[in-house]
Amino acid sequence: MRFLFLIFGLITAVECSSQNDAFFNERRKMVEVQLKNRGIKNESVLDAFREVQRHEFVLPEYMKWAYADGPLPINEGQTISQPYVVAYMTEALELQRTDRVLEIGTGSGYQAAILSQLCDSVFTIELFEELSKSATEVFRKLEYNNIYSKVGDGYLGWPEKAPFDAIIVTCSPSHVPEPLQEQLAEGGRMIIPVGAGNIQKLVLLQKKKGKIRKKDVLPVRFVPMLDERGEKY
Ligand code: SAH
C-alpha cells in the first residue's frame with residue numbers, strides 16, 4: 001500500500017512539473033496541430049516541444065502569441081523562428097543523446113533549449129551581445145545547464161570545441177561557411193538555410209568519409225547571416 005502511495009506521489013509530481021504554467025494546454029495544442037499534423041514524428045523531439053516553455057523566450061508583449069503558428073520579433077530586429085521550422089530542423093539532425101551540437105544564431109535561445117533536451121551539450125553563438133545575454137539569463141532561470149553560449153561571428157564556428165556531431169544554422173548566408181564544414185565530425189549532420197534572397201533553401205549536409213553530401217529539403221525564410229561590420233555573408 002505504502003509502495004502504491006509512493007508511486008502515485010511520484011506520478012503526480014512528474015505531471016505537476018510540466019503543468020505548472022498557464023500555457024500548458026496551448027503548448028500541447030501547438031505540438032498536435034502544428035507539429036504532429038504536419039509530419040513531425042520523432043517522439044523525443046515532440047516531447048522537447050511539450051516541455052520547453054516557449055513563452056519564456058519571447059518578449060513580454062508577444063507572450064500571448066508565444067504558441068502561435070509563426071515567427072515573432074525579438075530584440076535587435078531579429079526573430080524567433082516558427083515552431084514548425086524549429087521542429088523540422090531539429091528532427092532532421094537525428095540527434096543522439098551523446099551528441100555535441102553547435103548552433104549559429106542563439107537569438108531568443110528557444111532553439112538551443114529544444115536541442116538541449118535531446119543531446120549531451122549545445123554550443124551556441126550569437127552576433128549581438130544583448131541577445132546572447134538575455135538568452136543566457138533564460139537558460140539559467142530554467143536550469144538548462146548543458147548550453148554554452150558565446151558572443152561572436154558564427155561564420156567562423158567554435159574551433160576550440162570542434163568537432164561537432166551536429167550543426168544547426170538559424171541565419172542565412174549565401175553559401176555554406178567552410179569553417180563549419182571543417183568543424184563537422186565524421187558522420188555528422190548540418191542543417192542550414194542557404195541563399196542571398198528573401199526566400200532561401202534549407203540544405204541538409206552530411207559528412208561521410210571526409211566528404212560532404214548535400215540535399216535541399218525545404219524553402220524557408222530566415223534573417224541574413226551578418227559579419228561583425230553588419231555586412232551580409
Ligand atoms: N535560433 C534562434 C533564431 C534567431 S534568428 C531562436 O531560436 O530564437 C537568427 C539569429 O542569428 C539572430 O539572432 C541574429 O542576430 C543571429 N546572427 C546573424 N548573423 C550571425 C553570425 N554571423 N553569427 C552568429 N549569429 C548571427
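The ligand is surrounded by 26 residues, with S108, E126, D153, G154 and L226 the closest; a residue counts as near if one of its heavy atoms lies within 4 Å of the molecule. This is a predicted model, in which local features need pLDDT of at least 70 and side-chain atom pairs count only at pLDDT 80 or more, whereas totals for chains, interfaces and linings use all residues. Residues are numbered from 1 along each chain as its sequence is written, and side-chain values use heavy atoms, with hydrogens and water left out.

**Ligand site**

- The ligand takes up the space of the largest pocket. A pocket is an open set of points on a 1 Å grid over the protein atoms alone, where a 1.4 Å probe fits, with protein on both sides within 12 Å along at least five of seven lines; a molecule sits in it if more than half of its atoms lie within 2 Å of its grid points.
- The shell around the ligand comprises 12 nonpolar, 11 polar and 3 charged residues. Ala, Val, Leu, Ile, Met, Phe, Trp, Tyr, Cys and Pro count as nonpolar, Asp, Glu, Lys and Arg as charged, and the others, Gly among them, as polar.
- At least two shell residues come from each of β2 (79-80), β3 (100-104), α5 (110-116) and β4 (121-126). Helices (H or I, at least four residues) and strands (E, at least two) are DSSP runs, numbered from the N terminus.

**Polar contacts and burial**

- A polar side-chain atom of S108 is 2.6 Å from an oxygen atom of the ligand, a polar contact being a pair of N or O atoms within 3.5 Å.
- Backbone atoms also take part: a nitrogen atom of the ligand lies 2.7 Å from a backbone N or O atom of G154, and a ligand nitrogen atom is 2.9 Å from a polar backbone atom of G105.
- The protein buries 99% of the 580 Å² that the ligand exposes when taken alone, by the Shrake-Rupley method with a 1.4 Å probe.

**Overall fold**

- The protein chain contains 7 helices and 9 strands.
- Its C-alpha trace spans about 60 × 45 × 35 Å along the principal axes.

**Backbone geometry**

- A162 and P163 are joined by a cis peptide bond with omega about 5 degrees, and P163 lies in the loop between β5 (147-151) and β6 (164-169).
- E143, a residue other than glycine, has a positive phi near 60 degrees; E143 is in the loop between α6 (129-141) and β5.

Terms used:
A polar contact is a pair of N or O atoms within 3.5 Å; within protein, one must be able to donate a hydrogen and the other to accept it, and residues adjacent in sequence count only if both atoms are side-chain atoms. On a 1 Å grid over the protein atoms alone, a cavity is a set of points where a 1.4 Å probe fits but cannot get out, and a pocket is an open set with protein on both sides within 12 Å along at least five of seven lines; lining residues have an atom within 4 Å of a point.
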